[in-house]
Amino acid sequence: MDKERKIKVVVTKVGLDGHDRGAKVVSSLLKEAGMEVIYLGMYQTPEAIIKAAVDEDVDVIGLSYLSGEHLIFTPKIVEEMKKNNLDDVLLIAGGTFPAEDIPVMKEMGIDEVFGAGSLTEPIIQYIHEHVREKR
Amino acid sequence: MKKDNKQQTKDMSELNWEDYLKAYYEKPASFKTWSGFDIKEIYTPNDRAGKDYEKNIADAGTYPFTRGIHKNMFRGRYWTRREVIGIGSPADTHDRVKYLVEHGGSGLNTITDVTYEMGLDADHPWAINEVGLTGVNCTSIKDMETLTKDIPLDKVSWSLITASVAATVTMAQYSVVAENRGYDIATLRGSVQNDPVHFRYCGFRPACPLDLSIKMGSDVMEFCTKRMPKWYYTTVNMYDLREQGITAPQEVAYGFGIAMCYIDELIRRGLDIDEFAPRFTFYVSCHIDIFEEVAKIRAARRMWARLMKEKYGAKDPRSMQFRFAVHTAGCSLVPQQPLNNIVRIAYEGLAAVLGGVQSLHCCGYDEPMCLPTEKAHLQALRTQQILAYETGVTNVADPLGGSYYVEGLTDKIEEDSLKIMKQVEELGGMEEAIRTEWLDRQIDAEAIKRQKELDSGEKLVVGVNIFTSEQEKTTPFGVQRVPEESALRQVEEVRELKRTRNTAKLKDAIKRLRDDAEEGKNVIPAMVDATKAFGTVGELVGTVREVFGYSYDPMEIIESPFSEN
C-alpha cells in the first residue's frame, strides 16, 4: 500500500453493549499514533459497520466486545466482509473474552484479539506490521 | 524433582542474578495514590488529623459521621454479603440465587440484562441476540414471578439492579408480585438501583434522556417514599462512573452532583427533605489503593452529612447518613494471570469494610473474561466470609480513624471533591454540566490518562506491565456461558404472552398510563396496573417516552402497538 497514506481504522461496537471506554480510548490513542480513525460508536449492526468500512475504504476494522456477544456477532461481521470482498482488511477485536474463545474467534476470521489489560503499543505495532501484509 | 516436569526452567546458574540483586535493592518508583496525590514519607500530628475532632471527625454514629453511620458498626450487624447475580433467563438466575443463599449469602442481588435496561422486550429485533447475556431478562411480570418463586419476600432484603428508566417497571413488577402473594409492600426491604441519570455514561443514552431520567427516577423515589417506607429507592451509582477511569475525588463529586438532580426534583414536588433522604443510598467503587479508598469513603460521609444539613436543611440525623454499597473495581481486574484477581478483590473488599460499608459485592475473579461461574461466585462470597469471620476487622468501628495519614488523605479528598462540586455549581449545576457534555469531556479525558499511565509504566499492574508471562490458554475454573436455549425460550415465551393476553384490558391500562404521564402525575401507579395486565417493559417505558416527545422505541425500529388509543 501507499506509504504516504495514513492507515485508516474504523473502531466500533456491535449491538447493545454499552461498555465504550475501551473503544474510545483505543480510538484516541490510534489517532495520536498517526492513524486516521473513524469512531462509529455503539449500537451498530454488522451491515452498517461493513458499509462504513467500504465507504471509507479502511485498512482496519476494530471491534469492541464486552458483554459476551463476540461469538454471536463475529460470524455475521465476517460474512458481511466476505460479501463485500474485504479480505484485505485487517479485523481485530478488543474487550473481555475467556482465553478459550480467542482461538475460536481467530477461526471465525478475526486476525488478532487484544483482551482487557492490553497496552497500546502492541496494538499499534500489530496494525503497522500486518496492515501491509494484507493490502 | 524430575527435570521433565519443569522443561521451561533454566538451570540455576543460567538465571539472571544481576536482576535478582537489583530486585533486592529495588524501591518503589513513585509515591502517589491511585488518583495521583503526592504522598509524604510520614504523616504526623501536624497533618491536621485529630484537630477539631468533634466538629470534623467525631465518634461513629455522630454527626458528621466521618467514622461511620452507626455507633457500634459491625458489632451491631455484619455488612450484607450481597453478590450480584444475573444470567440468562429468570429461571437460570433463580438457580444461582438459590446456590448463593445455600452458601451463606445474606442479601439477594439481581441485575437485569442490557435489553431490559434499554427498555426493549426480549422479542425486539435488537434484543434477540443479547437476551440474558449480561443479566436477567425480565420483560413481563411472569419473569418477575419466576425470578422470585418460592422466595419469602418478607424475610429477604432484595437489591434489584435496574439503573435505567426501566427501574419504574422493575418496581411495578416487584410490588405486584409481592401483593399477589399476600405481602404488604410497606413491609418489604431492599433497594432498586434507579439511577437513570448516571446511566447515560454507561451506554444507555438512547434509553435515558436527561429530562425523562429525572422524571422517572424521581417517580420511583416518590412512590417508594409514600408506599414502601423500608425500601431504598435509589443507589446513585458512582461506581459505574469510576469504572470509566475517573479519580476518587471525581467519583464523589460527580456522584453527589447526580444525586442532587433527584433531590432538587423531589423538593420541587413538595417533599420534605427528612421525609425521603433517610432512604437515599449510593453505589461506591473500591479500587486497589486501600488507604485512598477508605479515605474517600470517610470524606464522602462527612461531605454528605454537611450537604444535607447545610444546603438542604435536614434535621433528622438519618437524612445526613451516607449509606452505601460497594462493588469492588471490575476495571482493576485483568485476564492476564487471572487468579491474581482473587487477591485484588480481597484487598478491595478489605478497603470497603475498613470504610464501614453497609453492603458488599466482591467481583468474580473471572470478571474480565465472562460472567461469573458458580465457582467464581462462591470464591467471591468466601472472600467476604473470610473478611467477616476470620480477620477481626469487625471488632471496632473505623479502625483507621486517627491515622495521621488516613485523616490527612480524607481531608485532601474532601477538599478536591468540594472544589469539583463548586466548579459544577459555577457551570450552572449538574443538569447543565450534563446537557453541555462537560461531564463527558471530563470522563473521556481521564480514561485516556489512565491508559497512558499503564502504557508508560507510571501505574503498575502485575501481569500487564510488570511480571508478565505467557497468556493462559484456559480459564482456571471454566467459563460461564449463557445457555442459548434459555434466550430462545425467553423470546418465545414473550411472544406467546403477547399472543394470549387480554388485549382490551391492556389497552385500557396503557391509556391510563399515557393519561397520567400527560397530566404530569407519578407514573408508577398506572405502571402497576399495566403490569398486572401483562404490559411489558418496552410497552410501559415506550408509552411514557412518547408522551415526553421521544420515539416509542429507543432503537427507533418498532412503533407503538397502542397508537390508536
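Trainee: Leu513(B), buried or exposed?

Mentor: Buried. This is a predicted model, and in it Leu513(B) has 26 C-beta neighbours inside 10 Å. The cut-off for buried is 20 or more, so Leu513(B) counts as buried.

Trainee: Where is the place of Leu513(B)?

Mentor: In helix H19 of chain B, residues 503-518.

Trainee: What is Leu513(B) in contact with, leaving aside neighbours within four places in sequence?

Mentor: Val523(B), Ala526(B), Met527(B), Ala530(B), Leu540(B), Thr543(B) and Val544(B). Take Leu540(B): along the chain, Leu513(B) and Leu540(B) are 27 residues apart. Their C-alpha atoms are separated by 7.8 Å.

Trainee: And Met527(B), with the neighbours within four places left aside? What is Met527(B) in contact with?

Mentor: Leu513(B) and Leu540(B) again, plus Thr168(B), Val169(B) and Ala172(B).

Trainee: Zooming out. How many residues has the largest nonpolar core?

Mentor: It has 194 residues. Val60(A), Val220(B), Leu513(B) and Met527(B) have the most contacts inside it.

Trainee: Which helix gives the most to this core?

Mentor: Helix H10 of chain B, residues 248-268, with twelve residues.

Trainee: Where does the core lie relative to domain 1 and domain 2 of chain B?

Mentor: Between them, because both give residues to it. Domain 1 is 76-232 + 470-565, and domain 2 is 237-257 + 286-436.

Trainee: New topic. How many residues does the contact take from chain A and from chain B?

Mentor: Chain B gives 36 residues and chain A gives 27.

Trainee: Which elements give two or more residues to the side of chain B that touches chain A?

Mentor: Helix H4 (114-117) and helix H17 (438-456) of chain B. The largest share comes from H17(B), with six residues.

Trainee: How many residues on that side are nonpolar, polar and charged?

Mentor: On the side of chain B that touches chain A, 19 are nonpolar, twelve are polar and five are charged.

Trainee: Now chain A. How many helices and strands?

Mentor: Five helices and five strands. From the N terminus on, they run β-α-β-α-β-α-β-α-β-α.

Trainee: Why call chain A as compact as a globular protein of that length?

Mentor: Because its radius of gyration is 13 Å, close to the 14 Å that the globule rule gives for 135 residues. Its C-alpha atoms fill a box of roughly 40 × 35 × 25 Å along the principal axes.

Trainee: What share of chain A counts as buried?

Mentor: 51% of its 135 residues. As for contacts in chain A with a separation of 6 or more, residues 24 or more positions apart account for 73% of them.

Methods. Residues numbered from 1 in each chain as written. Chains lettered and ligands numbered in written order. Predicted model: local features only at pLDDT ≥ 70, side-chain atom pairs only at ≥ 80, totals over all residues. Core = buried A, V, L, I, M, F, W, Y, C linked by C-beta atoms within 7 Å. Buried ≥ 20, exposed ≤ 12 C-beta atoms within 10 Å, placed from the backbone. Helix = DSSP H or I, 4+ residues; strand = E, 2+ residues; numbered from the N terminus. Domains from an automatic or database assignment. Contact = placed C-beta atoms within 7 Å. Nonpolar A, V, L, I, M, F, W, Y, C, P; charged D, E, K, R; others polar. Rg over C-alpha atoms; globule rule 2.2 N^0.38 Å.
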